[in-house]
Amino acid sequence: MRPLPKSKNERFLKSSNRRDDQIQIGKIVAAHGIRGAVKVYSYAESAPLYTAQETLVLIDAKGAECRYKALWAKSHKNSLRLALEGVTTRSNAEALIGSTIWISRASLPKLEEDTYYWIDLLGMAVHDPDDTYLGRVAEIIETGANDVYVVKTPKGYPVKEILLPAIASVVIEVDIPGRRMRVVLPEGLV
């Protein structure tokens, strides 16, 4: 069976202070250099996603919001280096540490059929073909072959979590608007 396809930019995390029309794509963790660049822990795999935006929305720890245009973004080891218009000194960059970076959900690239952003799958209710509730997708683990959905089961279920391979023979239906997934549990999984 073929694995469910994935998108290049699917690793968006669900945030508790997420707005419906915006998606958090990163967090500023440090200043980089003396010219105002920042180091970003990025939730997106694609550096060009930052520069493709008309505006990046930054929200600091106190909830204050400011808007910036990205001048350039470069992947660097396990993080991203980012230059923002108007941020020209190390002091300016240090003032942004801890800020989260958000983009408009509408600006995300369109996905192919049977491809989903992780943020749309996290928290989704999981049911078997008989409509028995199995739990909710709590986490997604990226592996070399296919993703694995970590389903936290309800109280009283025989196991605390189910690890579901994200392959077409297991995940038979994904209803994004209905926030529901139907799966066929492989023999011996539970």
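Visitor: What does Pro129 count as, and at what relative accessibility?

Guide: Pro129 counts as partly exposed because its relative accessibility is 43% (buried is under 20% relative accessible area, exposed is over 50%, and partly exposed lies in between, with a 1.4 Å probe and protein chains only). This is a predicted model, in which local features need pLDDT of at least 70 and side-chain atom pairs count only at pLDDT 80 or more, while totals for chains, interfaces and linings use all residues. Residues are numbered from 1 along each chain as its sequence is written, and side-chain values use heavy atoms, leaving out hydrogens and water.

Visitor: Where is Pro129 found?

Guide: Pro129 is in the loop between β8 and β9, the latter covering 133–141 (strands are DSSP runs of E, at least two residues, and helices are runs of H or I, at least four, numbered from the N terminus).

Visitor: And what does Pro129 touch, if we skip residues up to four places away in sequence?

Guide: Its partners are Ile172, Arg182, Val183 and Val184 (contact means heavy atoms within 4.5 Å). Take Val183: 54 residues separate Pro129 from Val183 in sequence, while their C-alpha atoms are 6.5 Å apart in space.

Visitor: What about phi at Asp114?

Guide: Asp114 has a positive phi near 60°. Its place is the loop between β7 (100–104) and α3, and with a relative accessible area of 28%, Asp114 is partly exposed.

Visitor: New topic: how many helices and strands are there?

Guide: The protein has 13 strands and three helices.

Visitor: What is the order of the six-stranded sheet?

Guide: The order is β11-β10-β9-β8-β13-β12, in an open sheet with mixed pairing (two strands pair if DSSP finds at least two bridges between them). At the edges are β11 (161–165) and β12 (171–175), each pairing on one side only. β12 runs antiparallel to β13 (residues 180–183), joined by four bridges. One partner pair there is Glu173 with Arg182 of β13.

Visitor: And the order of the seven-stranded sheet?

Guide: That open sheet reads β4-β3-β7-β1-β2-β6-β5, with antiparallel pairing. Its edge strands are β4 (65–68) and β5, and each pairs on one side only.

Visitor: Which residues turn up in the hairpin of β5 and β6?

Guide: Two residues sit between β5 and β6, and Lys77 in the turn has a positive phi of about 55°. β5 (residues 70–76) and β6 (residues 79–84) pair in the antiparallel sense over six bridges, and Trp72 stands opposite Ala83 in β6.

Visitor: How many bridges join β1 to β2?

Guide: Six bridges join β1 (residues 22–32) to β2 (residues 37–42), and these strands run antiparallel. Lys27 stands opposite Tyr41 in β2.

Visitor: Let's move to Asp120. Buried or exposed?

Guide: Asp120 counts as buried because its relative accessibility is 12%. Asp120 is in helix α3, residues 118–121.

Visitor: What joins the side chains of Asp120 and Arg105?

Guide: A polar contact of 2.3 Å (a pair of N or O atoms within 3.5 Å; within protein, one must be able to donate a hydrogen and the other to accept it, and residues adjacent in sequence count only if both atoms are side-chain atoms). Beyond its neighbours within four places in sequence, Asp120 contacts Arg105, Ile176 and Arg179.

Visitor: What pLDDT does the protein average?

Guide: The average is 87, and 88% of the residues score at least 70 (pLDDT is the predictor's confidence in each residue, from 0 to 100). Strand β8 (residues 125–127) has the highest confidence, at 98, and α3 the lowest, at a mean of 89.

Visitor: Where does pLDDT stay under 50?

Guide: Over residues 1–18, for which the model has 64 contacts beyond four places in sequence. Where pLDDT is low, the predicted coordinates should not be read in detail.

Visitor: Last one: what share of the residues is buried?

Guide: Buried residues make up 42% of the 190 residues in the protein. As for contacts with a separation of 6 or more, 53% are between residues 24 or more positions apart.
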